[in-house]
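Shall we talk through a structure together?

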Amino acid sequence: MVMKRRTAIIAALSIAAAVVLILWKPTVLIYGLQAAGLYAAVAIPMGLVLGIVHIVNLAHGEFMMVAAYAAYFGCKALGMDPLLAIIPTAIVTAVFGWVIFQLTIRRALKAPELNQLILTFGLAIAFTQTINLIFTSQTYKIPLDYVSASMDIGDLTFGVWSFVFVAVAIIFAYGVKFFLTKTMTGKAAVAVGQNPRGAAIVGIDVYRTYGLVFALALALVGAMGALFLTKSAIFPSVGSPFTMKSFCLIAMAGIGNIPGILGASVLLGVSENFLRAFRPTRDWAEIVFFVLIIAVILARSLKGRKS
Amino acid sequence: MKRVMFALAVLALFVGSAYAQGTIKIGGIWTLADITGKQGSAAAQLAVEEINAAGGVLGKKLELIVVDDEGKADKAAAAVEKLATVDKVDVFVGGMASGAELGKIPAFKKYNKVVMSTGAAGGTVEKGLGPSPDSDFYFHLHPWDYNQGASYAEGWDAIQKKYPNIQIKKIFLAYEEGAFGKSSWDATKILFGSDNRYIVDGASFKSALLGGGDYTAVLEAAKAFKPDLFIWAGYDADALPLLEQSKAMKFSPGIYLGAPPGWPIDFGASKLSPNVMLYGMWSTAMNNNNPASAKFFKNYVAKYKEEPATYFAPLAYSAVYILAEGIKNAGTTETTALIKALEATKYVSPLGETITFKPSNIIKHQGITRQKILQWQNGEQQVIWPFEAATAAPVYPFPAWK
Amino acid sequence: MNRNASRILAALFGVLAVTLPFFAGDYPLQVARNIMMYMALAITWDMLLRSGQISFGIAGLFGIGAYSAILSVIRAGMPAWFSILFAAIFSGVVAFVIGFLILRLRAMYFSIVTLALGEIFRIIIHNLHDFTGGPEGVVIQKGVIFGGNANSLYWLVLAGLAVALAASFWFEKSKIHFALTAIRNNEISAQSSGIDIFRWLLLAFVVTSAIQGLLGGIFVQSYGFATPDAVFSADFTLLPLAMALLGGVYSTTGPIFGAILLGLASEWLKLKIPYGHLVVYGIIIVIVILFMPQGLRQLVRRTSHSADGRSA
């Protein structure tokens with residue numbers, strides 16, 4: 001009952017804020033949501049890995065970067081649109097991720113948890129620098145007409161393509177939730193995530209499940225890699241900032257709370273764009289990301305201590 | 001007696017040949033993981049081989065020893081120490097990122113050998129070097145940030161005079177929030193905003209290269225300002241996404257100009273590229289009217305089977321030639337004599353201008369002070385200004401989006 | 001190897017470290033300075049880790065120290081050597097204040113908050129153009145400390161390392177060791193046995209942060225400049241972490257081994273493979289962590305069949 005009332009209050013406040021923004025500064029809401037979509041879509045696969053396999057994958061962004069390069073050269077070779085490359089890239093990246101998992105991460109799972117952190121850090125360096133060695137630090141971009149698609153409402157003109165990330169983020173979040181709650185494999189994964197030893201006792205192959213979840217997350221990363229290519233130029237270090245942002249978003253939502261990543265992303269995306277809309281606060285937009293994360297985490301810990 | 005003579009002759013031959021075999025060592029420091037450093041070091045190596053094929057300098061061969069600075073101050077300092085004490089180089093060449101260059105300065109000052117610098121535009125580097133005579137060993141080829149700003153102001157004045165249909169009143173600068181963009185903004189505010197001929201505004205954005213890539217807010221601000229000249233100072237990763245976003249927002253200023261250090265691969269093939277203007281130092285179009293540029297380009301492509309992607313390649317190439325000529329004229333690599341010889345440099349460079357050294361705000365030896373204003377036309381960068389290096393006339397205005 | 005032998009070995013290393021400038025050239029000294037800087041950071045990170053708290057905020061406190069040192073020289077005319085001490089004090093005070101807020105957080109949430117705080121520090125420095133020099137940074141006009149004398153600069157960094165080592169040994173040998181280990185192993189039982197967890201954590205956090213700030217001060221004084229990109233670089237967080245883990249955590253010797261391994265590997269590879277050395281560097285990290293999950297110390301201990309009996 002208390003929970004329901006809280007949710008209702010939050011929902012009412014959000015709607016009120018959205019209405020105010022639409023009337024006052026519609027672009028803040030539009031671009032805030034677009035930014036949030038991209039944040040969330042990249043963070044969700046990392047949240048899945050962190051929630052089940054319990055590793056902070058510092059090579060998360062780098063996997064997306066490798067996928068984007070694969071998609072770029074696939075598209076170039078076959079004259080294909082990156083949108084058609086989404087599924088093939090997802091499959092290729094999932095296989096690549098699974099192989100990397102079996103070769104490296106799996107062997108470090110029994111070691112102290114910090115080892116996995118530094119292992120993936122090493123992978124991140126190796127990925128970035130290998131790509132740099134082969135393709136140099138120059139940037140690549142596929143020019144596409146539809147990414148400039150725009151919409152006019154009154155005297156307001158804005159780009160609409162980036163809303164695709166919002167759609168993808170929602171599909172990812174609820175797809176992952178469906179997988180974890182409604183499928184046998186998903187339920188087993190949740191069991192492994194909560195209690196690997198217990199899951200092993202009831203006959204679940206823990207390592208197989210880890211590998212599967214990792215590959216699934218990497219499939220999502222791969223799909224994002226191809227989609228990211230429509231919007232952004234790619235270069236060796238393009239992925240690394242997303243690792244930190246995703247990590248922060250997951251912490252803000254709370255580990256294991258995949259749909260919560262959506263909410264956290266919207267809060268951050270809209271707040272950032274709100275500060276950017278005004279001259280005096282423009283340069284401080286970046287700080288809001290980190291201030292909000294700290295505020296949310298501290299508030300949650302305070303509340304946790306009280307109850 | 002005969003035997004003694006013979007021995008002496010052998011000795012003379014031996015000493016002579018040993019002397020001739022001695023090399024003049026050039027220590028090169030760049031960030032090799034970056035395209036500018038990778039190609040800059042390659043272009044410098046090309047220059048060394050060309051000079052050696054033509055007989056070397058003072059009867060000796062040149063030798064280029066390259067060490068990576070990884071773009072970090074501490075690694076850059078170690079690179080200077082290694083080249084100075086282990087390889088015992090005679091002179092230094094290289095440099096790109098200001099942060100790494102600042103790390104080298106204490107070590108450079110300690111050894112007081114001539115440095116021919118190919119990068120580091122940041123004014124803090126000049127402050128770190130300090131005034132003459134302590135910084136006289138440092139020859140800075142690349143323009144400082146304020147030199148660049150001044151040359152743009154000069155260029156736009158000249159262009160408006162020559163092409164009366166181009167009229168600029170309002171200028172908007174979208175600058176990336178790092179050192180590069182911020183210094184561009186400072187220079188623009190001062191040079192365009194001082195007398196009330198121009199109205200200047202600007203806003204920062206986070207470059208995709210540094211983890212940003214969201215241009216909506218800065219373009220909203222630019223669109224509301226309605227500039228005649230829109231400039232963005234960022235990196236190559238921002239080039240196409242910015243244009244695509246501008247098109248989506250139907251933002252089409254009279255002049256759309258980018259000032260990144262390099263452009264993305266195949267930018268010229270994009271449908272959005274025609275008539276985009278840019279600041280730069282060198283383009284392949286200059287091969288048509290500049291023999292030095294044509295020679296550099298031909299030899300570079302023949303050796304490396306790729307085209308130089310940024311002007312840092314011809315700049316590093318020029319640096320080696322200037323050093324070689326200075327050493328030849330000085331007859332030595334000793335610092336005082338070499339500085340004196342280099343002060344008389346008049347090098348006809350592939351960058352379309354004759355390089356000489358003049359004092360800048362703080363240091364005594366500043367090489368190039370002008371950047372060029374160019375325009376993407378039919379997939380190639382054409383030089384618009386300075387007019388003596390021009391390869392095409394400007395297309396104006398930037399076409400409105402369809 | 002018994003305890004006496006290892007003491008003699010340590011003493012020999014100490015003498016070697018102090019006298020290195022008398023027989024090594026400027027290049028080895030510069031490399032040693034770079035390695036010792038990261039080594040000291042790795043040790044301080046490990047010191048806090050002994051309580052179970054994983055900090056991602058090394059770069060943030062290093063940067064705070066760097067800027068407090070350089071700005072106190074430029075804006076307040078403080079002598080160079082004193083600015084380094086000021087950097088330590090200032091970072092310690094900052095850590096004391098934020099410690100009250102964040103030391104009740106555990107596990108990943110603590111890590112994230114330290115990371116976020118580091119970013120906040122960077123953005124503040126970045127945006128206060130008039131005071132801090134903004135993104136372009138600031139330089140010390142009169143040059144670097146000791147007139148750039150290579151030997152003195154080396155001893156300065158060595159002194160910074162000595163402070164970190166002394167603090168680490170103090171943590172290991174005093175009752176702080178038992179308090180921190182108890183917190184790491186089982187916080188609830190530690191609490192019930194009367195350990196004031198928060199006080200010990202605050203002590204560890206303030207001491208390690210002050211040393212990180214001190215090192216930041218040494219860094220700017222020995223290069224004569226600070227830019228946000230250079231002193232808040234993620235390298236100052238990630239490399240010490242990698243060094244401590246590769247060497248073996250919860251000890252002083254682990255980070256030492258790790259820093260020597262990674263520091264020498266990076267410099268050597270850079271000279272041998274100018275284009276592409278960082279690929280090999282990444283692969284080395286992966287291989288070491290896979291085949292030596294307890295770090296290099298494990299290897300050392302295994303080969304020497306330590307009679308020490310103490311476990312990490």
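Student: Glad to start! Which element of chain B gives the most to the side that touches chain A?

Tutor: In this contact, 31 residues of chain B meet 30 residues of chain A. The elements of chain B that give two or more residues to this side are helix 2 (35-53), strand 7 (199-205), helix 8 (216-225) and helix 9 (236-248). The top contributor, with eight residues, is helix 9 of chain B.

Student: And how many charged residues does the side of chain B that touches chain A have?

Tutor: Let's go class by class. That side of chain B has 14 nonpolar and seven polar residues, and its charged residues number 10.

Student: Where in chain B does pLDDT stay under 50?

Tutor: Chain B averages a pLDDT of 91, and 95% of the residues score at least 70. Where pLDDT is low, the predicted coordinates should not be read in detail. In the stretch in question, the model has two contacts beyond four places in sequence, and the stretch is residues 10-20 of chain B.

Student: On to chain A. Why do the buried residues of helix 7 of chain A lie on the same side?

Tutor: In helix 7 (residues 184-194) of chain A, the buried residues are Gly186(A), Ala188(A), Ala189(A), Val192(A) and Gly193(A). On the other side of this helix, Met184(A) and Gln194(A) are exposed. The buried residues pack against helix 2 (26-52), helix 6 (163-182), helix 8 (196-201) and helix 9 (206-231) of chain A. They lie on the same side of helix 7 of chain A because they cover an arc of only 160 degrees around the axis.

Student: Is His60(A) buried or exposed?

Tutor: His60(A) has its place in helix 3 (residues 60-78) of chain A. Leaving aside neighbours within four places in sequence, His60(A) is in contact with Met46(A), Phe242(A), Thr243(A) and Ser246(A). A residue needs 20 or more other C-beta atoms within 10 Å to count as buried. His60(A) has 27 of them, so His60(A) is buried.

Student: Last one: what radius of gyration does chain C have?

Tutor: Chain C has 15 helices and two strands, and its C-alpha atoms fill a box of roughly 55 × 50 × 35 Å along the principal axes. Of its 312 residues, 55% count as buried. With 312 residues, a compact globule would have a radius of gyration near 20 Å, which agrees with the value for chain C, 19 Å.

Key
Residues are numbered from 1 along each chain as its sequence is written. Chains are lettered from A and ligands numbered from 1 in the order in which they are written. This is a predicted model: local features need pLDDT of at least 70, side-chain atom pairs count only at pLDDT 80 or more; totals for chains, interfaces and linings use all residues. Two residues are in contact if their C-beta atoms, placed from the backbone, lie within 7 Å. Helices (H or I, at least four residues) and strands (E, at least two) are DSSP runs, numbered from the N terminus. Ala, Val, Leu, Ile, Met, Phe, Trp, Tyr, Cys and Pro count as nonpolar, Asp, Glu, Lys and Arg as charged, and the others, Gly among them, as polar. The radius of gyration is taken over C-alpha atoms; the globule rule is 2.2 Å times the number of residues to the power 0.38. A residue is buried if 20 or more other C-beta atoms lie within 10 Å of its own, exposed if 12 or fewer, and partly exposed in between; C-beta atoms are placed from the backbone. pLDDT is the predictor's confidence in each residue, from 0 to 100. The arc is that of the directions from the helix axis to the C-beta atoms.
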